[in-house]
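Me: Please look at the structure below. Some questions about its helix packing and its pocket follow.

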Amino acid sequence: MGRLVEKKDYDDLLNALARLPDDLDWRFEHIGGGDLERVMTARARELGLTDQIFWHGRKPQSDVKDLLANADIFVLASKIATDGDRDGLPNVLMEAQAVGVACISTAVSAIPELIRDGDTGLLVPPGDPDALAATIARLATDTELRKRLAAAGAERVRTTFDLDAGIDAISDALRTDSVPHTKAAA
């Protein structure tokens with residue numbers, strides 16, 4: 001899931017997929033559109049990946065939920081675009097973790113605040129398709145690691161990034177007995 005734009009770095013993701021071991025059975029499904037749609041589908045064709053990649057285009061949220069429910073791994077290869085554009089804390093990562101999908105992403109912007117490498121997901125350096133390929137292969141072949149990361153990621157999203165938890169944290173930070181309360185009359 002995600003827009004096909006430079007900062008999402010689908011080019012490195014496709015290069016990583018092309019480097020996966022030949023004996024690894026995988027498929028990549030993408031929901032979303034964007035400026036690079038034609039470029040990425042052409043790149044997948046150049047890399048000989050068309051039989052393993054499914055470009056669904058823009059779909060309603062219900063289709064996104066169905067795709068996530070059937071996913072083993074969610075990968076977001078974010079980077080800082082040439083114009084400086086970058087992801088902050090991508091909703092797609094939180095959505096994937098919230099439904100219990102193990103995530104791989106890059107150590108860009110606020111992503112490491114959500115994904116703690118080896119604890120709630122796996123992180124690779126941006127712009128490194130070799131590291132991304134190795135990490136995808138590792139997670140694809142290690143069922144126990146995938147389950148552990150998925151469960152830890154889901155728990156972290158629920159306890160730390162949930163709207164109610166965030167509001168409670170702000171409320172607690174603002175509430176203090178050491179601040180004198182005064183009334184003003186007009």
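Me: Is the crossing of helix 1 and helix 6 left-handed or right-handed?
Reply: This is a predicted model, in which local features need pLDDT of at least 70, side-chain atom pairs count only at pLDDT 80 or more, and totals for chains, interfaces and linings use all residues. Residues are numbered from 1 along each chain as its sequence is written, and side-chain values use heavy atoms, with hydrogens and water left out. A crossing is left-handed if the near helix is turned anticlockwise from the far one by less than a right angle, and right-handed if clockwise. For helix 1 and helix 6 the crossing is right-handed.

Me: At what angle do helix 1 and helix 6 pack, and is helix 1 oblique or parallel to helix 6?
Reply: Axes are lines fitted to C-alpha atoms, for helices over the stretch in contact, and angles run from 0 to 180 degrees between N-to-C directions. Angles under 35 degrees count as roughly parallel, over 145 as roughly antiparallel, 65 to 115 as roughly perpendicular and the rest as oblique. The axes of helix 1 and helix 6 lie 8 Å apart, at an angle of about 55°. Helix 1 is therefore, relative to helix 6, oblique.

Me: Which residues of helix 6 make the contact with helix 1?
Reply: Contact means heavy atoms within 4.5 Å. Helix 1 contributes Asp12, Leu13, Asn15, Ala16 and Leu17, and the residues from helix 6 are Pro129, Leu132, Ala133 and Ile136.

Me: How far apart are the axes of helix 6 and helix 7?
Reply: Helix 6 and helix 7 pack at an angle of about 95°, which means that helix 6 is roughly perpendicular to helix 7. Arg138, Leu139, Ala140 and Thr141 of helix 6 meet Thr143, Leu145, Arg146 and Leu149 of helix 7. The distance between the two axes is 5 Å.

Me: Which residues of helix 4 meet helix 7?
Reply: Helix 4 (residues 91-98) and helix 7 (residues 143-160) pack at an angle of about 115°, their axes 7 Å apart. The crossing is left-handed. On the helix 7 side the contact involves Ala150, Gly153, Ala154, Val157 and Arg158, and on the helix 4 side Met94, Gln97 and Ala98.

Me: Which residues lie nearest the centre of the largest pocket?
Reply: The space in the largest pocket is about 680 Å³. Its lining has 23 residues, divided into 16 nonpolar, two polar and five charged. Nearest the centre are Arg27, Phe28, Ala71, Asp72 and Ile73.

Key: Helix = DSSP H or I, 4+ residues; strand = E, 2+ residues; numbered from the N terminus. 1 Å grid on protein atoms, 1.4 Å probe; cavity = no way out; pocket = protein on both sides within 12 Å on 5 of 7 lines; lining within 4 Å. Points joined across faces, edges and corners; volume = space filled by probe spheres on them. Nonpolar A, V, L, I, M, F, W, Y, C, P; charged D, E, K, R; others polar.
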